[in-house]
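Hello,

Here is the structure I promised to pass on. Please have a look, and then read on for what turned up.

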Amino acid sequence: MSDGLFPTEAELDGLLTGPDSVAWRCTSDVRLYAAMLYPLLLQVAHPTVGAGVTDYSDFERRPWDRLLSTIDYVSLLVYGGREAVPAGRRLREIHKGFTGTREDGERYHALEPTAYAWVHATLIQTYVTGHATFGQPMRPDEIERFYAEYRGLGRLIGVRERDLPPTWPGFGEYFDRMVSEELVRTRAVDTVLGTIRKAPPPPLPVPDVFWRAARLPAGQVLWLGGIGLMPRGLRAHLGIGWTQVDEAQFRTLGRLSRSLTPILPRRLRITGPAQLRLRREAIARGPLGSQSAHAA
């Protein structure tokens with residue numbers, strides 16, 4: 001029986017995604033690795049999420065572990081079928097212990113509905129804008145389907161239906177409001193920005209040709225993708241510098257990445273199932289694969 005927070009058994013078949021879904025096709029394109037920093041920055045700029053990352057994460061020492069945990073979570077959610085159900089409940093259980101005091105002096109809890117839903121929302125925004133810049137842009141009808149699917153997947157982790165708008169246009173208004181009214185330059189933003197520029201190539205099955213073609217170090221690709229996808233006003237609000245050279249490199253990176261669409265094999269456009277297989281043992285040992293709640 002549903003406790004009102006998670007979907008009932010009868011609802012699950014309508015929420016889990018399969019190969020015929022837009023989420024399945026658009027969530028794990030290898031080119032979206034260039035956008036990995038974007039959702040993280042949007043998340044840690046929220047005062048509650050930023051405080052939680054500062055208090056409970058070791059991103060500065062293990063940046064790829066933090067990013068890999070996000071990929072593991074998304075892979076389970078989209079490609080894991082029924083495995084996504086217990087994993088979603090465990091994810092919420094983990095966050096029950098994340099409490100403390102924000103930089104503005106307010107007490108926080110990681111399960112505050114606004115903050116918790118915002119983390120899920122940043123992934124939705126990233127896939128749509130990431131494909132528009134680095135992959136194959138979604139058609140308007142695909143965006144609507146994708147949004148409905150991902151909003152449904154949010155219920156598996158305890159994001160209530162009322163926590164995100166029912167339509168994609170409504171989501172756009174919600175996103176703009178959150179960016180203009182809620183996000184600030186937290187200490188976690190500084191930590192992420194200071195760490196990512198030194199990042200090596202990811203320990204993932206990303207072809208070396210991707211980095212060689214970009215002719216930029218992996219950390220620079222991640223930085224350009226993460227900062228370049230940001231709304232201009234948000235970059236200014238957070239005090240993140242962005243030069244004409246940065247903009248030119250960002251646009252070049254986007255054109256190069258999009259140009260790969262006709263020749264990119266399916267196994268690189270949909271890497272999620274393979275990623276899930278390769279990471280299965282690591283996931284089983286981690287917080288999503290056990291009942292114990294601890295920081296990733």
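Arg102 touches Pro47, Thr48, Ala51 and Tyr108, leaving aside residues up to four places away in sequence (contact means heavy atoms within 4.5 Å). Arg102 sits in the loop between strand S1 (99-101) and strand S2 (107-109); helices (H or I, at least four residues) and strands (E, at least two) are DSSP runs, numbered from the N terminus. With a relative accessible area of 18%, Arg102 is buried (under 20% relative accessible area; exposed is over 50%, partly exposed in between, with a 1.4 Å probe and protein chains only).

A word on the source: this is a predicted model, where local features need pLDDT of at least 70 and side-chain atom pairs count only at pLDDT 80 or more, while totals for chains, interfaces and linings use all residues. Residues are numbered from 1 along each chain as its sequence is written, and side-chain values use heavy atoms, with hydrogens and water left out.

Now to the rings. The whole structure holds 15 aromatic pairs (Phe, Tyr and Trp rings, the six-membered one for Trp, with centres within 6.5 Å; planes under 30 degrees apart are stacked, over 60 edge-to-face, the rest tilted). One of them is the tilted pair of Tyr147 and Phe171, 5.2 Å centre to centre with 50° between the planes. This pair links distant parts of the chain, with Tyr147 in helix H8 (residues 140-154) and Phe171 in helix H9 (residues 168-181), 24 residues apart. Both Tyr147 and Phe171 are buried. Ring pairs also join Trp118, Tyr147, Trp168, Phe171, Tyr174 and Phe175 into a cluster.

Best wishes
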